[in-house]
Amino acid sequence: MSTSLNAPNAKAASPAFPWIGLLTLAGAIFVSVTSEFLPTGLLPEMAAELDVSLSTAGLLVTVFAGTVVVATTPLAALTRKYSRKGLVFVVLLVVALANVLAAIAPTYEILVGARILGGLAHGLFWAVVAAYSAHLVPKHQLGKAVAITSGGASAAFVLGVPVGTALGHALGWRVAFGVIAAIVVLLALAVVKYLPPVDHHVPVKTGEIRVPMYKDRSMRGVVLLCVVIMILLTGQNTYYTYIAPWLIEAAGFPETSVAFLLFLFGGAGAIGLVLAGFASDRFPRRGFALALIAVMASVFVLAAWSANTVVVVVAFVVWGVAFGGIPAMLQTRMLHTASFRTRDLAAALQTTAFNIGIGGGALLGGVLLDRSGIQSLPIALIIFLAIGLTLMVGTDALRSARARRLQH
């Protein structure tokens with residue numbers, strides 16, 4: 001498949017939509033995201049067997065994300081000359097190995113080491129995959145393509161994490177890690193067969209002097225969007241990392257119902273992703289703002305009426321729908337913001353920003369859990385989302401005003 005369509009000013013006719021390639025990417029994302037968030041549904045069991053506190057077990061999420069933050073951009077720079085398809089295959093095999101090591105880890109410290117290895121692979125995986133769809137489709141189809149690949153992340157929350165949680169409850173958390181390792185290997189083989197190779201290199205014209213990447217005019221928007229991502233994901237994961245103990249302790253659900261509730265949340269997120277695929281190419285700004293407002297409203301209801309089972313379930317589902325499309329909207333916006341030559345760097349920075357939010361949120365949530373109690377977590381999420389929404393709306397308004405002044 002030709003990849004020249006996305007080069008600057010290319011006007012060739014669009015080829016057939018690459019469904020098989022995008023669905024293969026979605027499958028790879030499914031297993032990677034499931035590996036990342038599998039501990040969230042199994043924290044109580046892992047903490048009990050390894051003889052550590054809930055907040056200490058939650059650090060497994062922080063360590064994973066922290067590794068991604070530190071390693072993603074350097075690894076992306078070191079591997080920028082290598083085949084994108086080959087890198088996806090290799091990092092999936094490393095993800096599988098990390099899950100095997102987690103499944104057999106005899107101590108908490110060795111489990112931390114397995115999560116670090118997984119974080120290294122996961123960071124490079126996203127640095128490659130986040131920009132991959134942009135090499136397969138023309139720019140006007142980015143929203144649709146990202147929604148499809150992001151379906152893998154939604155499937156991870158609909159099936160991967162809930163089924164892994166149920167499996168961990170039934171057979172032990174180690175079995176859950178072993179099973180996901182086997183599935184990762186299968187998806188790595190699917191990548192070899194079905195994922196189209198792409199040419200991610202930017203050609204330099206004769207006599208052209210390559211401008212340093214940091215001087216690219218799109219980088220200011222990329223950095224600003226990364227700041228918004230960090231704020232939003234910090235808020236989300238301050239609460240969501242500890243959603244299993246919150247549902248049990250604050251909302252009074254039995255431990256056996258957590259997997260089903262996570263399944264509901266993931267299914268709701270899939271609906272949100274479909275809505276995001278529609279909104280991202282038509283009214284991205286308003287759709288994004290409405291999604292954030294809906295998350296804040298639903299989480300406020302969870303905090304205020306945690307004793308009412310029906311209200312909690314309804315609000316939990318609304319939260320899932322509203323937040324389900326936000327990562328895809330952010331990724332689509334990043335691909336539109338970054339220039340062609342900065343896409344790979346933007347993807348690495350975006351991955352770093354996401355994982356600063358994921359790890360920082362897990363860390364902050366653990367601190368709040370120990371100091372202020374579990375009821376403080378949803379309030380923290382609302383505050384962070386309000387800040388992110390204000391920053392995004394404000395910068396959009398300034399950009400629009402500047403554009404109007406230039407027209408006049």
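This dialogue explains how to read several features of the predicted model above.

Colleague: What should I know about the model before reading its features?

Modeller: The model is predicted, so local features need pLDDT of at least 70 and side-chain atom pairs count only at pLDDT 80 or more, while totals for chains, interfaces and linings use all residues. Residues are numbered from 1 along each chain as its sequence is written, and side-chain values use heavy atoms, with hydrogens and water left out.

Colleague: How many helices and strands are there in the chain?

Modeller: Helices (H or I, at least four residues) and strands (E, at least two) are DSSP runs, numbered from the N terminus. The chain has 15 helices and 0 strands.

Colleague: How is burial defined, and what percentage of the residues count as buried?

Modeller: Buried means under 20% relative accessible area, exposed over 50%, and partly exposed in between (1.4 Å probe, protein chains only). Of the 408 residues, 55% count as buried.

Colleague: Why is helix H13 described as largely enclosed by the rest of the structure?

Modeller: Helix H13 is largely enclosed because 9 of its 12 residues are buried. Among them are Ile326, Met329, Gln331 and Arg333.

Colleague: Which residues have the most contacts inside the largest nonpolar core?

Modeller: In soluble globular proteins, nonpolar side chains tend to be buried together. A nonpolar core is a set of buried Ala, Val, Leu, Ile, Met, Phe, Trp, Tyr and Cys residues joined through side-chain atoms within 4.5 Å. Here the largest core has 124 residues, and those with the most contacts inside it are Leu92, Phe125, Tyr239, Ile243, Trp246, Trp319 and Leu330. Helix H5 (residues 108-136) provides the largest share of this core, 15 residues.

Colleague: With which residues is Phe125 in contact, leaving aside its neighbours within four places in sequence?

Modeller: Contact means heavy atoms within 4.5 Å. With those neighbours left aside, Phe125 is in contact with Ala28, Ile29, Ser32, Val88, Val91 and Leu92.

Colleague: Which side chains meet in a salt bridge?

Modeller: A salt bridge is a side-chain nitrogen of Lys or Arg within 4 Å of a carboxyl oxygen of Asp or Glu. The structure holds 1 salt bridge, in which the side chains of Glu49 and Arg174 meet (2.9 Å, N to O). This pair links distant parts of the chain, with Glu49 in helix H2 (residues 43-50) and Arg174 in helix H7, 125 residues apart. Glu49 counts as partly exposed because its relative accessibility is 46%; Arg174, at 22%, also counts as partly exposed.
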